[in-house]
Amino acid sequence: MTQAYDVIVIGGGLHGLSAALHLARRSARVLVVEKHWVGRHASGATAAGVRTLNRDRGELDLSLEALDMWHALESLVGDDCGFHANGQICVAENAGALSKLEARVNGLRADGYTHEEMIGPAELRRLLPELSHHCLGASYTRRDGAADPHRALRAFRSSAVDAGVTLVEHCGVNALKKTSQGWLVSADGGREWSAGAIVNAAGAWSGRVAAMAGDDIPLATKSSMMMVSERLRPFIKPVVAIMGRSLSFKQSDQGTLVIGGGLQGIPDLDRETSTARMQVLAKGARSATDLFPSVRDIRIVRVWAGLEAKTDDMLPVVGPSPNAPGVFHAFGFSGHGFELVPVVGATLADLILTGKTSRPIQALDARRLMPAFAKEKSS
Ligand SMILES: Cc1cc2nc3c(=O)[nH]c(=O)nc-3n(C[C@H](O)[C@H](O)[C@H](O)COP(=O)(O)OP(=O)(O)OC[C@H]3O[C@@H](n4cnc5c(N)ncnc54)[C@H](O)[C@@H]3O)c2cc1C
């Protein structure tokens, strides 16, 4: 007999686990089906920055609620997941960059947002004593920070299982069929389950899962690269980015530098791999040493890349499928979905269990990306 669940979540990354956890805590019977193992893709490769700084307005309110949830994460998953709120800083190297940052912060202020502030050279040196003196100022979010992705994966996984979620790993979903009761899910090895609702949290492969339900949602693929140094003496606490250049620079609790920030490798969705591009990594290393000359002669011990779906407007898709009742999407986080993990799961639980949410997800509707709906809108 086909086993029945209330909800089947496709994808055992952090978003799939968070949705499953929130649903199970609200008494739903939930199955998570993961093709490989929990954290195999983006959630195991992430830099784990918890950033509201420079967020697009379309996801800003959701991101601010997520930040509050990070500050109280222990109450959700029994662990703070290594989250330290040491702030995030976006540095300006020239007058043009500085005025762009000022315009953004002023615009936010005009709309009542106070989470970003401008800081001048003196405060910048206090926060980042080894920063190069050519930097003029920065925007700063004090309550942002970074976490430990592996602790987050462990905590979300064990909390979900403790809440009653069934987890099946090493089993890819390959078909979805609409039935009178809901959905029939077929997976590797001829396994089948049924459920009233489906969550598509399949990361870089979410477009393929959406197509199984009848949604044509064009997506690109990001292959963000990271590099990690040998352990160094502690010298920096906030996460640092540069206005106009690809860089995210931080020091882990272990002393290693974790350097990334949108440096792109070469993705291959069919082989589920990405290839590191040394020239691009070299650009990232250059940006890092321009900002912090003291790290010019350190050893890089490892580089890697992770695959993730990217949308045209860099905003995720969160919400019900336009074509397939009972299917809910959560993907396309375009390189900044880690911070959103606690809140997107709660949003999906609202939508699935009550049919609505008060959380602001209007800008994340799948239809904005779908050719069929774009045509309708323009005719
Ligand atoms: C290098 C890197 C650095 C990043 N840094 C940051 C950061 O600093 N801050 C931030 O906010 N975000 C960051 N991100 C983004 C963030 O990590 C992701 O947005 C987030 O982890 C996405 O989680 P997910 O659960 O949606 O996807 P994933 O973790 O990729 O999970 C999707 C899962 O679905 C499974 N799957 C796919 N197809 C099927 C199928 N047919 N059947 C069953 N399972 C399937 C996959 O195996 C995978 O495990 C970074 C990402 C990368 C790659």
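Biologist: Which residues come nearest, of the 40 residues around the ligand?

Modeller: The model is predicted. Gly13, Gly49, Gly203, Gly306 and Gly337 come nearest, out of 40 residues around the ligand. Sorted by class, the shell around the ligand comprises 18 polar, 16 nonpolar and 6 charged residues. Two or more residues of that shell come from each of H1, helix H2 (42–45), strand S12 (220–231) and strand S18 (300–310).

H1 leads on to a helix pair. This helix spans residues 14–25 and packs with helix H10, residues 341–354, at an angle of about 50°, the two axes being 8 Å apart. The crossing of H1 past H10 is right-handed. On the H1 side the contact is made by Leu14, His15, Ser18, Ala19, Leu21, His22 and Leu23. On the H10 side, Val341, Pro342, Val344, Gly345, Ala346, Leu348, Ala349 and Ile352 meet them. The contact of H1 with H10 holds 11 nonpolar and 4 polar residues, with no charged ones.

Ala122 is placed in helix H6, which runs over residues 121–127. Ala122 counts as exposed because it has 9 C-beta neighbours inside 10 Å, and the cut-off for exposed is 12 or fewer. The C-alpha atoms of Ala122 and Gly137 are separated by 8.7 Å, with the two residues 15 apart along the chain.

Definitions and conventions. Residues are numbered from 1 along each chain as its sequence is written. This is a predicted model: local features need pLDDT of at least 70, side-chain atom pairs count only at pLDDT 80 or more; totals for chains, interfaces and linings use all residues. Axes are lines fitted to C-alpha atoms, for helices over the stretch in contact, and angles run from 0 to 180 degrees between N-to-C directions. Helices (H or I, at least four residues) and strands (E, at least two) are DSSP runs, numbered from the N terminus. A crossing is left-handed if the near helix is turned anticlockwise from the far one by less than a right angle, and right-handed if clockwise. Two residues are in contact if their C-beta atoms, placed from the backbone, lie within 7 Å. Ala, Val, Leu, Ile, Met, Phe, Trp, Tyr, Cys and Pro count as nonpolar, Asp, Glu, Lys and Arg as charged, and the others, Gly among them, as polar. A residue is buried if 20 or more other C-beta atoms lie within 10 Å of its own, exposed if 12 or fewer, and partly exposed in between; C-beta atoms are placed from the backbone. A residue is near a molecule or strand if its C-beta atom, placed from the backbone, lies within 6 Å of it.
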